[in-house]
Amino acid sequence: MAQRQFFDEMSGLGGQSQTQGQGQRQAQQQGQARPPYRRIAEWLRQTPEEQLANKRREAEALYRRHGITFGAYGSADGHETTIPFDLIPRVLTQEEWRFLERGLIQRTRALNAFLNDAYHQRDICRAGKMPENQILLNEQFVGLAQGLTLPGDVHAHIAGIDLVRVSADEFYVLEDNVRTPSGVSYMLENREVMMRLFPDLFQRHSVLPVGRYTEELLNMLRAVSFNGDREPTVILLTPGQYNSAYFEHAFLADEMGIELVEGSDLFVDDCRVYMRTTRGPKRVDVIYRRVDDAYLDPLAFNPESLLGVAGLVAAVRAGQVNVVNALGNGIADDKSTYLYVPDMVRFYLGEEPILKNVPTWRCDKSDDLKYVLEHLGELVVKEIHGSGGKGMLVGPTSTKAEIEEFRGLLRDRPANYIAQPTLALSTCPTLVERGVAPRHVDLRPFVLSGKETVVMPGGLTRVALKDGSLVVNSSQGGGTKDTWVLGA
Amino acid sequence: MLSSTAKNLYWMARYIQRAENTARVLEATNRMALLSNSDREWRSVPLIYGLDADFAERHPSPTMRDMLHYLTIDEANPSSVASCFRAARNNARDERNNLTIDLWESLNGTWLELQGMMRGIGDGIDFRQFLDWTKKQAVMATGAAQSTLLRDDAYNFVMLGLQVERADNTARILDVKYHILLPKGERVGGSLDYYQWAEVLSCIGAYRTYRRVYSSKIEPWRVAELMILRHDLPRSLLFCLGQVDRNLGELAELYGARGEATRLAGKLYSKLRYARIDTIFQDGLHEYLSDFIRGNARLSEEISRQFLMG
């Protein structure tokens, strides 16, 4: 197979850009960095590698000492490793960001409109834009959420939209996350650590701040209370310290100054939710839950769950407590619904989608399946309900045996899979064992929807630390970078 | 404040204390073993913690190293130092947003160091060094709590855990040691070995204190008086219960309500305040201490019922 050409965000080399001028391309061939990276490149030239290595050790110590850990299920020592943090920031221009921001807000508004419609009249099905079974037969569909009218009609209050870049001017949405997206604490902590380690870099750049996220989050949570007449009590519900994202739960609760609770701290009486305190029961209005639907209420879902609160769903239905994100959001972000998102934008907003989907084959269609089986070596195959980079096949980097295993899986349960071309994910300079080298990245910006829809400038950049790897998930050996959006 | 938060803070403090207390007892026992040829002292240690049956089951013909291993780094024993540090750190981790950075980092650091030590141990652990380290880490965590925590309800729950655990420990040491040390039929104040009583004092770090307070030879009834009734010794029963009474009083004021725990603490404290050592001996020291241990355990249950279960 021919060597793939990847777009490098610093050098500007690789990728197929349509707008790049001849002069610019020449400048880049001669080793000049793209404008947003000029000062980063200069800084990398001036800073001895030894010094960078020292700073990296300093950063690692900071993360470990603060207990900023991430437990990937199934790691050798059970849990609690720190996610590797890369010192070299990923930089976006203001112009690039404006474009992404408009696209992200548009997409999130469409997803919210869809969720509200899907649990009410399902106009989109009546209009013939989506088969009703796509909603009703989806494993993630929650019958108990049917007909539920939520404050502001918002369902996806917090959305993490994963983007990838393939050239100077082409971004794709890889997937939407509207259940309980995680990672925002790394966006915030990475910035804190960078500002502490490299204050001089921030003097040389105008970087838009992201620190207001938690305040915006709290404002949003307070705004979506059913009980508008009283001062809302907002809490964060965590599955507990053995959850891989526990650090993030504690961090966000702390930053917002709200209680971090587990299911056993709550009880429901007469469709009202209370938390147990040393002063007695206290009424709760809004629950930012980081517990999945299936474990949220043993009376409504998995009866074995000890993580949830018995009667919580009834309380939501009675309009006594709101949960964020809403119940049953999984119908909007699985990999088969993904195909319909551009149509959602057109149907609900009457606009053309700003952000593009990656071309996708649905294996439950026989023509698509035939194509996929013939081209397994070139494609990425994903489970429709999979997450965290598990249960997927990356054709070009897989062995014959792995490909044959997936061929069997696809034949047995084709409706479980979709396939996409192997995207030429852009690369960013990254500090690796032997100096600075390009590594593949993606970007997860966080979109908040309450009274209005807002995005913090930047997001979480995930980086595949292994040479050539396209899998950026932290559970698969990925790291993170601080993401800069440059000011005017 | 969440009931579960109060519960975590209370137990975090108890576990830190328990680790420190265990280290002190083992240190004193270690020293004693160097001085005497008898194995009665070290064999009695699991009994202090009510772990004698479990220990005997795991080690049918135990050596002193077995006992040390069991109470320090054996994670199968939920009361070992390692288990206590792990539990304290887990309690703290649940409440990291309710703790100061100093306290959290102290406990997390202890746990990380412990992980490292456990990996490198093999058979060649230097128990003396481990016990030194344990004491140091526990004192540092307690110090971090005392010097950085906001004096609110959270602080009171931490201090309650600390004092209840200390009182329990002091009473158990005295009770077990008194019985082990005193052979059947021996009169109190008889010809018991001076070193053995010195060891009891060392268990609560009060050997020099005894010298300073009494400037006399070590006599059993004075040791008991010091450990039970001394108002200014931080590990005496009277001192601990005085603090418990004060912490519960502050909570009652803060919450505008007094409960069963508050009443019970007041009762236990008063009983100690007006006790006399000669009457205690007349009625039987063992009976008195057993009574206290039961009362203190009930107090802990009432604290749970009133605040920690919600």
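Helices (H or I, at least four residues) and strands (E, at least two) are DSSP runs, numbered from the N terminus. Ala, Val, Leu, Ile, Met, Phe, Trp, Tyr, Cys and Pro count as nonpolar, Asp, Glu, Lys and Arg as charged, and the others, Gly among them, as polar.

Residues are numbered from 1 along each chain as its sequence is written, while chains are lettered from A and ligands numbered from 1 in the order in which they are written. Since the model is predicted, local features need pLDDT of at least 70 and side-chain atom pairs count only at pLDDT 80 or more, whereas totals for chains, interfaces and linings use all residues.

### Chain A overall

Chain A has 15 helices and 21 strands. Its radius of gyration is 23 Å, close to the 23 Å that the globule rule gives for 488 residues, so chain A is as compact as a globular protein of that length. The radius is taken over C-alpha atoms, and the rule is 2.2 Å times the number of residues to the power 0.38. Along the principal axes, the C-alpha atoms of chain A fill a box of roughly 70 × 55 × 45 Å. Of the 488 residues, 44% count as buried; a residue is buried if 20 or more other C-beta atoms lie within 10 Å of its own, exposed if 12 or fewer, and partly exposed in between, with C-beta atoms placed from the backbone. Among contacts in chain A between residues at least 6 apart in sequence, 69% join residues at least 24 apart.

### Domains

Domain bounds come from an automatic or database domain assignment.

| Chain | Domain 1 | Domain 2 | Distance between C-alpha centres |
|---|---|---|---|
| A | 227-320 | 359-421 | 38 Å |
| B | 1-149 | 150-310 | 20 Å |

In chain B, the contact between the domains takes 28 residues from domain 1 and 27 residues from domain 2. Helix 1, helix 2 (40-48) and helix 7 (127-148) of chain B each supply at least two residues of the domain 1 side. Helix 1 of chain B gives the most to that side, with 18 residues. The domain 1 side has 15 nonpolar, 6 polar and 7 charged residues.

### Cores

A nonpolar core is a set of buried Ala, Val, Leu, Ile, Met, Phe, Trp, Tyr and Cys residues joined through C-beta atoms within 7 Å. In the largest nonpolar core, of 205 residues, those touching the most other members are Leu111(A), Ile235(A), Leu236(A), Ile287(A), Leu237(B), Leu241(B) and Ala265(B). Helix 1 of chain B gives the most to this core, with 14 residues. Apart from this core lies another, of 12 residues, among them Trp361(A), Phe406(A), Tyr417(A) and Ala419(A).

Four strands of chain A form an open antiparallel sheet in the order 12-15-13-14. Strand 12 (361-362) and strand 14 (392-394) of chain A stand at the edges, each with a single partner strand, so one side of each is left without a neighbour in the sheet. Strands count as paired if DSSP finds at least two bridges between them. Strand 12 of chain A pairs with strand 15 (residues 417-421) of chain A over 2 bridges, and Arg362(A) stands opposite Ile418(A) in strand 15 of chain A.

Val372(A) is found in helix 14 (residues 366-374) of chain A and is buried, with 25 other C-beta atoms within 10 Å. Leaving aside neighbours within four places in sequence, Val372(A) is in contact with Trp361(A), Cys363(A), Leu379(A), Val381(A), Leu410(A) and Ala419(A).

Elsewhere, strand 1 (residues 85-92) of chain A has 8 of its 8 residues buried. Strand 1 of chain A pairs in the parallel sense with strand 21 (residues 478-485) of chain A over 5 bridges.

### Backbone geometry

Most residues other than glycine have a negative phi, and most peptide bonds are trans. A cis peptide bond joins Val324(A) and Asn325(A), with omega about -10°. Phi of Arg122(A) is near 60°, and Arg122(A) is partly exposed, with 17 other C-beta atoms within 10 Å. Phi of Cys271(A) is near 60°.

Key: Contact = placed C-beta atoms within 7 Å.
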